[in-house]
Amino acid sequence: MAEQDGPVVEISDLVAGYLPGVNILEGCNLTAAKGELIGIIGPNGAGKSTLLKAMFGQVNVRGGSMKLMGEDITGLKANELVARGVGMVPQNNNVFPSLTIEENLEMGVYQDPSKLDEGMTTVTELFSELKPRLKQRAGSLSGGERQMVAMGRALMMNPSVLLLDEPSAGLSPVRQDEAFIRVSEINKAGVTTVMVEQNARRCLQICDRAYVLDQGKDAYTGTGRELLNDPRVIELYLGSLGA
Amino acid sequence: MDWNSIYINTAQALFNPVTIAFALAALGLAIHFGFVGLLNFGIAGFMAVGGYGYAISALSFGFPWWASMLTAIAASILFALVLGLPTLQLRGDYLAIVTIASAEIVRLLLVSQAFNSVTGSADGLTGFADDFRSVNPFPEGDYGFGPWSYTENQFWILIVGLIILILSLFVVWRLVNSPWGRVIKGIREDEDAVRALGKNVFGYKLQALMVGGVIAGLGGVIYVLPSSANPMTFITSLTFFVWTALLLGGAATVFGPLLGALIFWVLQAFLGSLLPALAEVGALGAFSSSQAGALRFVIIGILLILIVVFRPQGLVGDKRELTFVR
Amino acid sequence: MKSTGLHIGEVAPGVKKVDPIIVADHVSKSFGGLTAVDVEHLEVPRGVITALIGPNGAGKTTFFNLLTGFDTPDSGTWEFEGQSLAGIPAHKVAQRGQVRTFQLTKALSLLTVLENMKLGAKDQQGENLFASIFPFLWKPKEAEIEARALELLERFKLLKLKDDFAASLSGGQRKLLEMARALMSEPTLVMLDEPMAGVNPALTESLLEHILDLKKEGMTVLFVEHDMHMVRHIADWVVVMAEGKIIAEGAPDQVMSNVAVVDAYLGSHQDTDLGVVTGRIELPEGEA
């Protein structure tokens, strides 16, 4: 079980949006304890991606607060957040196609080059398939492979929390399963992870706890198993075709 | 300071063939850019083709005024085809470069000694408005009131210009609110989506280029009729002035171009009178009065930048409709 | 509800169909040195729902683009309703009754929902440059088109959004709009490129119903998807592509238990709980 040093991520009553006057998040709460794998599911427009982007300083926060390891990070810009230990893996445009895999990983320690060797060792061990292909251009990789590189890059700085935006999007079933297993392995290695997912079934099967977002708020929360068997969730998000 | 002459100069810009010509050119450009999304940086070329089309047909072929008008229109359509057929497949920024080049090619052909007998090369053409003047229904005399005073010929060109402008506005307004206009708006945003619905996208773009080209060409005719057709008029700066007028008013609207042209010319006239007057009373420091006059272009340039940054939809445009606004 | 008896002879890639609407031969396309599509023979059965599945990079969208005229092949011929489509540009293919949607939705955001719908109708006199200036020439047809559009919007539950700009619709609503718009021209064949991508599981059910309705109305449907539950639920026939070739064809259950398909695409954990696979949960003895 996760050690209770106090939560790694603590988000309270977050209000945020892109366009002036239009809020997507209307008072959202989330906590992640050390070592936990947190899932965020919910309908389109509920604010899942917005919540993640808010955690990475990419959305205007208009109310509430965000804390990382007990320190207030509300309103900080993305580069400051990386320096503080937030690793983000976006859904699209997540690698530099003209750079090699190795160079992409090197970009991960841009803020603190002293971490290069350590990061490279950790990541190439975690993603052993990348080791022989370090000199390959990232642009020639498939969607699932790019996502692996993007995850590796985010892990180079040994982040306090890893943010994943729909890691299974656009992948075939076998690659989706691989992606979820990979996320689980990374988390088991000790990385606190927050994952937004469209594939609610798979997300709930592997996460420790999850939040179901609806209309900008965290509608309900529970462990992955609890939610998988929750009739409300089954009806709304898993459908009768699920599991 | 002679406020009275500043006032007269400014007011006259309101009802002026040049302003009307500009409104027509901006309207043509509105179709190209505002409605279809074509980056046409060669609108001066269309105006030149129209203006010279009229002038050359009157002088070299002795056409009556209505045949000269038709020639100007036909020349604009031809220019649109020649420009459009090879280039409409190009990506936006490449199209912009090609259109600048095409307008310059037109101007250089007009200025070249090789065609001197037809085009008058650097001296340009004059005296082609005789037939036009001969059908002037207004008898000799002075027309207008207050700051506006015209001779019968000046008045005639003004009236004709206004009629053409009103007709063009009507046609554009009809087009934009029709199914044709709907297809065009779709193309502006996503050509593939429209293609998937069975519409011949290339054909529509060419049609828009021709319609906008004809209107701009007519603008060229109104521009040259009061005075002369000269290649120095149709330089790249003219294109950018028309763009300023268009963006000021509202690129994707029907009446925005007219509004923009009016404001542009009134502002030009105002600054063109005010600044030299200020310089003369020493309010502009080291600037002499002739230098101060040129200062208005600096101000207009800054205005263009401010519009694009802070209000790209112009005065009457709708921000939601524009594809280049984020 | 599922249609059977669609094929002639033994089931294998390229098997002939009783009533094919599309017949494709030796269609190939390469980008640089990479073969994107290399289809020997494919027949798409008429009046039923066919799913095209396969890993990313298998060539599904490229194949779609070739069939609909959005891309030109290096070689090959194909017929739609007995007429050759090779070399026919995209807009003409659409006019012949073969419409498609896109993976990244192309709902035109700067038009309203109703305008989007009207754009989809064909044979519009008002779209002619000269006719458009005289409303009396196209107003009657426009009224007809609007009536049909409103009907479809009602069916897809988008009616109250009809005057909103498509930009303000959610991702799932835009998918519905694109599908509804494609139906405006009363097509014979509807080709959907990942219609479920980015749509909530809850909305999925209604989308599936809409696709089944297409079949009820006599249209043929060909869709690309990754969601195997959806495929199993509504597809009458499944075609599997991998690395540009067709590696399997058949009824859904047949195809999904095909070893080659499982290896390339489905993965062996299809029906198992990943929580178990990753060792995060322990199940009591006796359960799988």
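Mentor: In this predicted model, β3(C) and β4(C) form a hairpin that leaves 2 residues between the strands, and C:G32, in the turn, has a positive phi of about 65°. Strand β3 covers residues 20–31 of chain C and strand β4 covers residues 34–45; the two run antiparallel and are joined by 10 bridges. Strands here are DSSP runs of E with at least two residues, numbered from the N terminus, and two of them count as paired if DSSP finds at least two bridges between them. Within this pairing, C:V27 has C:V39 of β4(C) as its bridge partner.

β3(C) also pairs with strand β6 (residues 75–80) of chain C, again in an antiparallel arrangement, through 5 bridges; here C:V23 stands opposite C:E79 in β6(C). As a general point, side chains in a regular strand alternate between the two faces of the sheet.

Before turning to the interfaces, a note on conventions: residues are numbered from 1 along each chain as its sequence is written, while chains are lettered from A and ligands numbered from 1 in the order in which they are written. Local features need pLDDT of at least 70 and side-chain atom pairs count only at pLDDT 80 or more, whereas totals for chains, interfaces and linings use all residues, and side-chain values use heavy atoms, with hydrogens and water left out.

Chain C touches chain A through 29 residues of its own and 28 residues of chain A, where contact means heavy atoms within 4.5 Å. Together these chains bury about 2,400 Å², with 51% of it on carbon and sulfur atoms; buried area is the accessible area (1.4 Å probe) that two parts lose on being put together, summed over both. There are 2 salt bridges between chain C and chain A, a salt bridge being a side-chain nitrogen of Lys or Arg within 4 Å of a carboxyl oxygen of Asp or Glu. C:R280 makes a salt bridge with A:D208, with 3.4 Å between the closest N and O atoms.

Against chain B, the contact involves 31 residues of chain C and 29 residues of chain B, and the buried area is about 2,700 Å², of which carbon and sulfur atoms give 65%. C:L110, C:E127 and C:L129 supply 24% of the area that chain C buries there, more than any other three residues. Chain C and chain B share 4 salt bridges, and B:D190 forms a salt bridge with C:K106 in which the closest N and O atoms are 3.0 Å apart.

Terms used: Helix = DSSP H or I, 4+ residues; strand = E, 2+ residues; numbered from the N terminus.
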